[in-house]
Amino acid sequence: MSEKPYLHIPHPAARPGEEPDFGYLKLSAAGSVKRPAVDTRASRLDYLAQGLVRVLDDDHNALGPWDPKLDAEKLTEALKYMTLTRAYDERMLRMQRQGKVTFYIQSLGEEAVSIGQGMAFEAEDMMFPAYRNQGLYILRGTGLVEMMCQCLSNTRDMCKGRQMPIFYQNRKNNVFTISGNLATQYPHAVGWAMGAAIKGERHVASSWLGDGSTAEADFHYALTFAAVYNAPVVLNVVNNQWAISTFQGFAGGERRPFAARGLGLGVPGIRVDGNDLLATYAVTKWAADRARSGGGPTLIELVTYRGGAHSTSDDPSRYRPKEEWQAFPLGDPLERLKQHLIKQGHWSGDQHEALEQEYRTKVTEAWKEAVSYGTLTEPPFLNVDLMFEDVFAEMPDHLKRQQQELLDIFGASS
Amino acid sequence: MSRMNMIQAINSAHDVIMEKDPSVVVLGQDVGYFGGVFRCTDGLQKKYGEHRVIDAPIAEGGIVGVAIGLGVNGLRPVAEIQFADYIYPGFDQIVSELSRLRYRSAGEFFSPVTIRTPCGGGIRGGQTHSQSPEGIFTHISGIKTVMVSNPYDAKGLLISAIESDDPVVFFEPKRIYNGPFDGDPDKPSVSWASHPRGEVPEGYYTVPLGKADIVEQGDDLTIITYGTIVHVAQAAAKLAGVNAEIIDLRTLMPLDVETIRKSVEKTGRALVAHEATRFCGYGAELVATVQEECFWHLEAPIERVTGWDTPYPHAFEWQYFPVQKRLAAGIRKVMEAA
């Protein structure tokens, strides 16, 4: 006689039509988590993976030992980058809706991850981003026109038409190329960091992935290698609660925080309020300093919420409550930083409105320029010859022949 | 010049290139202190230090992924995967990352990783230590694929592979590490001591990637093969009493089409042979190439002799392996046709 099936199938707190419920999120009060010295032994840091490092409280004050004490100029700069990222996203999402680009992924609600963390690194440090780190490219000086041209696969596309939209790169400023295969960049970052250590260079690598991607083997390979060789690397899990339609419980998030994934290997983990720019900056700076001084890897879990759809290919109202983001206890990272600056007297609502207007114009102008270099459907087009280049360092005979075969049939396009 | 077996030649290639280029680093399971389970990296860690010859965790996906990162940071990694049968956890990193970094980034990023891996059967390794997965790799755009058949080529090609800015998967048939194998398992094994290709320069030299070698000149038919089967083909041609032209491809991708074309135009007959399974195997590409290039010169259908389309069985090793007898039968078939 068989019993009823008893497999545990994880369920999110709420599905469409149900009341959002973030009761499962363990929160700590702002300023309450102790900040250890950068050279503290890993075995004494387990608590950092369980708590939630927060600097900004609900009244927009900066509290406690993790307050990075950034000056007003730096904080305003961060606010500007976040605002620009959001303006860029807004425009590009609209352009996708109008059929001008084939696909888009916005980072709505997660801007503090790329900007706060990105600002904590040195220029020589190497970034291995995931697909929702556009803020990192913007922060590292990738022009909006350049990024738009990539999304358009036009004649100025940095990838020469090989990648779908949002798969940017910026070698000059040490930001790696994005892959669609999840978590593959994690071992690259560890390898890069090992290379820095082999060469005796005090540079740090950092990589990002989502809560869902922690289930991939590459996540575990990377952590193992980082631990074994004490690589100078900062590994980040952006826990935005959702991997398309599956909530973070399907990656094992119901049991222990993602920050604790490295503890068995002796890799310290820090769970941080991912919507608190000051906190994201502070923990990242701590981890980068630790790595740079020979203290090895850190795993950071950024607790945040994916404000929009996963991509332009899914409709979140089919799998989660519409008002869930509004109920998220950690709020909107941009709004929180803005309110903090206003409270400190360094910013105002009027200034912010003016900034938003300025960036809307900036983005509109960038778009006008970008499309002047062509789109997928409007000339000028990329030269089709480019399809065969860069497969190898030098084009082998069989590709030359295939290139000729193609040209014989279609002719050169541009 | 010095007498070397294939293990010594591969070891020497590492030594020479590590001496010449300080950016070359080696990593893999057991490659460091122990010098590799097949001894290919013996003594290198002692000579070049633990930061250049690195023992790795048992995680092929990690080894390949980390090697890519080392390469992006300006080093020139040589990764050993202990058996080709265990390369699959690293497959995603090879297919989706290593082979396409240059392409997807329009030349901005690349990683010059060489992946060495012992392959092939004839060593009583059963289905987990005998595979020849080269055809899976030649199907990927963006990596070069090599399979060597002798010590001289092994050293020269490995140096070329490591120096290449393209990623290379470098297959070493372990059956012939210690001596050529002519496909007759009943004969006592021979060493490389008396083989002309066991004569290897001690210093730096290269054998170019993408160039086949004609190991026997002949007029009756062309045998196109690589790896261990090169030696089997030589013996089988004698057994069948034909004057065969035998091509050792050495590099499978990119393929030296010109050498094949010239030879088959001359002989009018072709036999393709490899250890790997037949269906969608590398031989299918060779047959298609001969058909496209030489159809009007062909006097007989092209014959294929390969491993069977089963996993590699432990008990029936010599029925599975393309032994002399099977190659000789294939040769006769090509010769008798039309």
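## The largest pocket

Helix H10(B) supplies the largest share of the largest pocket's lining: seven residues. Helices (H or I, at least four residues) and strands (E, at least two) are DSSP runs, numbered from the N terminus. A pocket is an open set of points on a 1 Å grid over the protein atoms alone, where a 1.4 Å probe fits, with protein on both sides within 12 Å along at least five of seven lines. Lining residues have an atom within 4 Å of a point.

This pocket holds about 1200 Å³ of space. A volume is the space filled by probe spheres set on the points, which are joined across faces, edges and corners. The lining has 43 residues; His398(A), Met253(B), Pro254(B), Leu255(B) and Val257(B) lie nearest the centre. By class, 18 are nonpolar, 12 polar and 13 charged. Here Ala, Val, Leu, Ile, Met, Phe, Trp, Tyr, Cys and Pro count as nonpolar, Asp, Glu, Lys and Arg as charged, and the others, Gly among them, as polar.

## The second largest pocket

The second largest pocket has a volume of about 460 Å³. Among its 32 lining residues, Tyr131(A), Arg132(A), Leu182(A), Ser213(A) and His310(A) are closest to the centre. Strand E2(A) gives the most to this lining, with three residues. The lining divides into 16 nonpolar, 11 polar and five charged residues.

## About the model

This is a predicted model: local features need pLDDT of at least 70, side-chain atom pairs count only at pLDDT 80 or more, and totals for chains, interfaces and linings use all residues. Residues are numbered from 1 along each chain as its sequence is written, chains are lettered from A and ligands numbered from 1 in the order written, and side-chain values use heavy atoms, without hydrogens and water.
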